[in-house]
Amino acid sequence: PSMNYRFMRMAFKNDPSVDLLSFVILRTPTDILNVPLQEQSLIPFPVETLFTKDLKNFDLLIFDNFAHQLYLNPKYLENVREFVNEGGGLALIGGPSQFTGYAGSPVGEILPVKLARKEDYRRDAPSKVRLTRIGSAHPITRISSDEKDNLNLWREMPPLDGIDILEPKSSGSVLLETTDGTPRPIV
């Protein structure tokens, strides 16, 4: 699991008000396994159950660099859109696999960003980030309770080694953006 996953899992597990159900996908449906099914210790990702029957039981879905095309058919993406439209939360944590295929999909419609259709991830040069005016006052970007400290901590952040190529929609608020060339939303 990624550092993102480990950090979030520990944060959620330390909050007694949170019931956490998480899946780490260690193999894809296309992986070739030379082991009979009854001898495999990894359970298959319960896609159908989660995205047709149980989705309404959750408050928040988090996809962390999730290659959804391998698992979610268009009906499941429609169910995710309906879940969000009915008040459920959706967070996508970027990476090389995250936003591929959402452009023009039901999930792409509800995101606060426009998605590139071809070049959707860039790793050609490190990207420094900065808080936007809105981001400097938003609780999600608050690392320190001291405003000056908080700004300094963000300035000292190491550059990102890759970014998703996104553009904000008018319905979204950019809290953190890249500083090189055209500012790209990060949060």
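Guide: From the N terminus on, the elements of the protein follow the order α-α-β-α-β-α-β-β-β-α-β-β-β. That gives 5 helices and 8 strands, where helices (H or I, at least four residues) and strands (E, at least two) are DSSP runs numbered from the N terminus. The model is a predicted one, in which local features need pLDDT of at least 70 and side-chain atom pairs count only at pLDDT 80 or more, while totals for chains, interfaces and linings use all residues. Residues are numbered from 1 along each chain as its sequence is written, and side-chain values use heavy atoms, with hydrogens and water left out.

The salt bridges come first. The term stands for a side-chain nitrogen of Lys or Arg within 4 Å of a carboxyl oxygen of Asp or Glu. By this rule the protein has 5 salt bridges. To describe their setting, one also needs the terms for burial: buried means under 20% relative accessible area, exposed over 50%, and partly exposed in between, with a 1.4 Å probe and protein chains only.

One of the salt bridges pairs Glu 177 with Arg 130, at 3.0 Å from N to O. Glu 177 belongs to strand β8 and Arg 130 to strand β5, so this pair ties together parts that are 47 residues apart in sequence. Glu 177 counts as buried because its relative accessibility is 17%, whereas Arg 130, at 35%, is partly exposed.

Salt bridges with shared partners also join Arg 122, Asp 124 and Asp 180 into one network. Within it, Arg 122 forms a salt bridge with Asp 124, and their closest N and O atoms are 2.9 Å apart.

Asp 161 is in the loop between α5 and β6, and Arg 123 is in the loop between β4 (121-122) and β5 (129-131), so the pair ties together parts that are 38 residues apart in sequence. Both Asp 161 and Arg 123 are exposed.

Asp 146, Glu 147, Asp 149 and Glu 156 gather in a surface patch of negative charge. Patches are made of residues with over 30% relative accessible area and no salt bridge, like charges being joined within 9 Å and nonpolar side chains (Val, Leu, Ile, Met, Phe, Trp, Tyr) within 5 Å. Asp and Glu count as negative and Lys and Arg as positive, with His and the chain ends not counted. Glu 156 is placed in the loop between α5 (147-155) and β6 (163-164), and its relative accessibility of 60% is why it counts as exposed.

The surface has a nonpolar patch too, formed by Ile 140, Ile 186 and Val 187, with about 250 Å² of accessible area together. Such areas come from the Shrake-Rupley method with a 1.4 Å probe, and for residues only the protein chains shown count as cover. Ile 186 is in the segment after β8 (176-178) and, at 32% relative accessibility, is partly exposed.

Of the 187 residues of the protein, 29% count as buried. In soluble globular proteins, nonpolar side chains tend to be buried together. A nonpolar core is a set of buried Ala, Val, Leu, Ile, Met, Phe, Trp, Tyr and Cys residues joined through side-chain atoms within 4.5 Å. The largest such core here has 21 residues, and those with the most contacts inside it are Phe 51, Leu 61, Phe 63, Leu 72, Tyr 102, Leu 111 and Leu 115. At least two residues of this core come from each of α2 (47-54), β1 (60-64), α3 (74-85) and β3 (113-115). Helix α3 gives the most, with 4 residues. Val 84 also has its place in helix α3. Val 84 is 23 residues from Leu 61 in sequence and 9.3 Å from Leu 61 in space, C-alpha to C-alpha.

Note on methods:
Charge placed at Lys NZ, Arg CZ, Asp CG, Glu CD.
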